[in-house]
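Reader: Please take a close look at one part of this model, the place where the two chains meet. I would like one connected account that also covers the parts behind that contact.

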Protein chains: 2
Amino acid sequence: MRQRIKQYLPVYLVMGLSGNGKWTAAEMAKEALEGGITLLQLREKDAPLHQVLEQGRQIRDLCRKYHVPFIVNDRVDVALLLDADGVHVGQDDIPGSDARKLLGPSKIIGISAGTMEEAEYAVAQGADYLGVGPIYATATKSDAGEPIGTNLMWQIQKRWSIPMVGIGGIGHDNAAQVIAAGGDGVAIVSAITKQAAPRSAASMLHQNVKAALSKRI
Amino acid sequence: MRQRIKQYLPVYLVMGLSGNGKWTAAEMAKEALEGGITLLQLREKDAPLHQVLEQGRQIRDLCRKYHVPFIVNDRVDVALLLDADGVHVGQDDIPGSDARKLLGPSKIIGISAGTMEEAEYAVAQGADYLGVGPIYATATKSDAGEPIGTNLMWQIQKRWSIPMVGIGGIGHDNAAQVIAAGGDGVAIVSAITKQAAPRSAASMLHQNVKAALSKRI
């Protein structure tokens, strides 16, 4: 299971439904998939849920076409309705073990952690992977807290060797550092979604991360 | 089905988990159940979900003891985990027909409506009852919009005769008006939860509403 999860983590896109002026959300998803993202998480906190379901269905179908897992943030009910490949939950969302009850054994459950205590809780809750951060300063998530750097990733890797991605302020400049620190991938928001050319942004990140992963082995 | 639903609507308590200084949420639920509420909806938007699940389970067990339906606001996943008797969804929440897919045919699905268009959508979505409002001005729900009075209840009653409760600023003074306008009950927040004696507040409301219902028949 862990090897299977790791292969999905290198370029982990987190996106909402707002698009970016040039691209709609579905168009952006398609470009990012073409560029080589390895997983797509839909994180949309503001749109009416009928819209999340409608547009989420389109994005899910795109992900299936590219054989890339489609994960829903926070809402297990939405994940069920979209037949998503899993959910990603924060420490204040539905606990991983409860999400597992609703989703069954084969779906992917990711949990956020920003401290060793949170990581321990996430592992105990049966997380398939951790989202560790915020690694660097980010403007994307207003409640993300102070950046913690890559040190925690080392500690988590040493203690549990659980699959993990770094998240928060990661882009071309610093993706390799996150991999060097033990990350199996990088969770990216604005370094893909805020770019005029999401496809080439995804493609460059893919190359950076693959190169960094090959150096580590 | 409709008659069964109607019997649960007379004194419909909507409460969160914050309690009111004197009472914890579970204590308040118990007092309100003793006082004669006929349905309890848990609406908690801020607490961590592990806490909603823990305290929700206690309140659900209390409701079962008093043979009063326990309904969860918005989150169908939480309703599933708590084996609640149903959900109540707003116009921007998971659509009723999707909630039904997850909950099955026997659970109660209530939908909010503030216009005839919203009521039409709710009926089309398979609502078992409508929550119509805000009838009067309320300080409880910051995004509730302008009060609409009882006129819409008349129109809905005439067009669909679907079970419904009025919601928004309802208390001892005006509960009878809502019943006279065609409501099968009143949804109450602060007129029970903000009172020093929630049990007697619930009991008085119960008497008011029963008296108003008997006048209507």
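Author: What follows describes the contact between the chains and then the folds on either side of it. The model is predicted.

The interface joins 19 residues of chain A to 19 residues of chain B. Between them the two chains bury about 1600 Å², and 68% of that area lies on carbon and sulfur atoms. The size of an interface is often expressed in this way, as the accessible area lost when the parts come together.

Polar and charged pairs also cross the interface. Chain A and chain B share 2 salt bridges. In a salt bridge between the chains, the side chain of Arg75(A) meets that of Asp74(B), with 3.2 Å from N to O. With both residues at pLDDT 80 or more, 7 residue pairs are in polar contact across the interface of chain A and chain B.

On the side of chain A that touches chain B, the elements giving two or more residues are α3 (49-65), α4 (76-81) and α5 (96-103) of chain A. Of that side, α4(A) supplies the largest share, 5 residues. Sorted by class, the side of chain A that touches chain B holds 10 nonpolar, 2 polar and 7 charged residues.

Lys45(A) sits in the loop between β2 (39-42) and α3 of chain A, and Asp74(A) in the loop between β3 (70-73) and α4 of chain A, so the pair ties together parts 29 residues apart in sequence. Over all chains, the structure holds 26 salt bridges.

Next comes the barrel of chain A. Its 8 strands close in the order β1-β2-β3-β4-β5-β6-β7-β8, with parallel pairing. On average, neighbouring strands of this sheet are turned by 25 degrees against each other, direction ignored. Val87(A) has Ile109(A) in β5(A) as its bridge partner. The helix α5(A) packs on the sheet, where it touches β4 and β5 of chain A; the direction of α5(A) makes about 165 degrees with that of β5(A).

In chain B, too, 8 strands close into a barrel, in the order β1-β2-β3-β4-β5-β6-β7-β8 and with parallel pairing. There, 4 bridges join β1 (residues 11-15) to β2 (residues 39-42) of chain B, and these strands run parallel. Tyr12(B) stands opposite Leu39(B) in β2(B).

Technical notes
Residues are numbered from 1 along each chain as its sequence is written. Chains are lettered from A and ligands numbered from 1 in the order in which they are written. This is a predicted model: local features need pLDDT of at least 70, side-chain atom pairs count only at pLDDT 80 or more; totals for chains, interfaces and linings use all residues. Side-chain values use heavy atoms; hydrogens and water are left out. Contact means heavy atoms within 4.5 Å. Buried area is the accessible area (1.4 Å probe) that two parts lose on being put together, summed over both. A salt bridge is a side-chain nitrogen of Lys or Arg within 4 Å of a carboxyl oxygen of Asp or Glu. A polar contact is a pair of N or O atoms within 3.5 Å; within protein, one must be able to donate a hydrogen and the other to accept it, and residues adjacent in sequence count only if both atoms are side-chain atoms. Ala, Val, Leu, Ile, Met, Phe, Trp, Tyr, Cys and Pro count as nonpolar, Asp, Glu, Lys and Arg as charged, and the others, Gly among them, as polar. Two strands pair if DSSP finds at least two bridges between them. Axes are lines fitted to C-alpha atoms, for helices over the stretch in contact, and angles run from 0 to 180 degrees between N-to-C directions.
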